[in-house]
Amino acid sequence: ASNNSREGAAGAWLRTPLAPGEVITAQSGGFERDPQESSTTDEELNRAGSPGSRGGSSTTPDYGEKRLPQALIIGVKKGGTRALLEAIRAHPDVRAVGTEPHFFDRNYEKGLEWYRNVMPKTLDGQITMEKTPSYFVTNEAPRRIHSMAKDTKLIVVVRNPVTRAISDYTQTLSKKPEIPTFEVLAFKNRTLGLIDASWSAIRIGIYALHLENWLQYFPLSQILFVSGERLITDPAGEMAKVQDFLGLKRIVTEKHFYFNKTKGFPCLKKPEDSSAPRCLGKSKGRTHPKIDPDVIHRLRKFYKPFNVMFYQMTGQDFQWEQEESDK
């Protein structure tokens with residue numbers, strides 16, 4: 001009961017709906033579109049679903065059938081979803097769409113047949129997957145996914161909300177160098193230190209708030225939370241959990257990864273069917289701008305109760321607080 005009342009107090013003011021303009025920036029991506037991932041055209045999606053596209057197995061069958069996905073990577077933006085998708089695609093029993101279909105947030109009116117058609121063909125025993133990180137913060141997504149298949153497995157890659165927010169800002173800045181500084185956008189009132197929780201870069205990191213929405217439709221046992229930090233420090237360990245969760249043999253292991261010193265994170269070793277190792281594109285691992293330490297401190301304080309609530313809800317401690325005290 002105390003948990004609920006605390007959640008009520010902490011969450012109530014955050015429940016205020018976003019203004020229409022803010023929904024546009026947070027979800028439909030006109031403001032924060034990553035060309036590498038989010039601005040997927042119908043034509044690209046149709047290509048992605050065509051038999052010749054690069055899939056999860058080393059040979060792309062021209063047979064099999066298109067199925068609705070049984071597992072989805074639903075979030076979070078700038079958490080490590082692309083890295084996770086590329087790693088799980090190295091598994092021969094996984095076929096996944098490379099582009100983000102944005103079906104349950106932007107393209108829902110196109111219908112399930114359109115969605116199925118975007119998927120790669122699979123053989124019996126293979127799992128169809130897709131990732132669209134904005135699903136996690138889309139209010140209608142849990143209900144819509146549940147109505148497609150209530151046993152869908154959901155994967156959420158989470159990372160320290162403070163670094164996630166800075167990464168999000170860095171991505172936008174790379175496309176719109178004229179936007180205000182992080183400090184300006186992060187505060188409603190700098191003097192009073194009031195954080196602006198309606199700014200999508202900050203709002204996305206209030207994981208407990210979004211998770212509550214999903215738990216109305218899905219049991220915790222159907223949701224896997226992957227640590228974005230551990231995906232970098234111990235990719236094989238996190239991938240073992242992902243493969244177990246999906247009911248797959250542990251085929252993606254240590255031998256699939258090597259550490260790339262230039263980028264500062266692990267890359268996939270050469271897949272069987274290509275000549276070069278697969279590292280994430282140049283839009284990954286961007287250098288973050290310097291942020292005033294006081295701003296970081298205030299953000300940590302802002303997120304702490306929500307992080308603690310998230311740890312309680314998931315039964316997992318992601319150690320974001322410990323990480324801070326070490327520095």
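So, helix α12: its buried residues pack against quite a list, namely α4, β6, β9, α11, β10 and β11. Keep in mind that this is a predicted model. The helix covers residues 235-245, and eight of its eleven residues are buried, so α12 is largely enclosed by the rest of the structure. If you want to click on them, the buried ones are P235, A236, E238, M239, A240, V242, Q243 and F245. After the helix comes G247, with a positive phi near 75 degrees.

Okay, on to α7, residues 161-175. With 15 residues at 1.5 Å each, α7 should span 21 Å, and its end C-alpha atoms sit 22 Å apart, which agrees. How many of its residues are buried? Eleven of the 15, so α7 too is largely enclosed by the rest of the structure. Among them are R164, S167, D168 and Y169. At the start of this helix, a side-chain oxygen of N160 comes within 2.9 Å of the backbone nitrogen of V162.

Let's look at the two glycines. G79 lies in the loop between β2 and α4, and G80 is in the loop between β2 and α4 as well. Buried or partly exposed, what is G80? Partly exposed, at 24% relative accessibility. G79 is buried, at 6%, because the cut-off for buried is under 20%. Setting aside residues within four places in sequence, G79 contacts V157, R159 and G228, while G80 touches V157 and L231.

Key: Residues numbered from 1 in each chain as written. Predicted model: local features only at pLDDT ≥ 70, side-chain atom pairs only at ≥ 80, totals over all residues. Heavy atoms only, no water. Helix = DSSP H or I, 4+ residues; strand = E, 2+ residues; numbered from the N terminus. Expected span 1.5 Å × (residues − 1). Buried < 20%, exposed > 50% of the residue type's maximum accessible area, 1.4 Å probe, protein only. Polar contact = N/O pair within 3.5 Å; in protein donor to acceptor, adjacent residues only side chain to side chain. Contact = heavy atoms within 4.5 Å.
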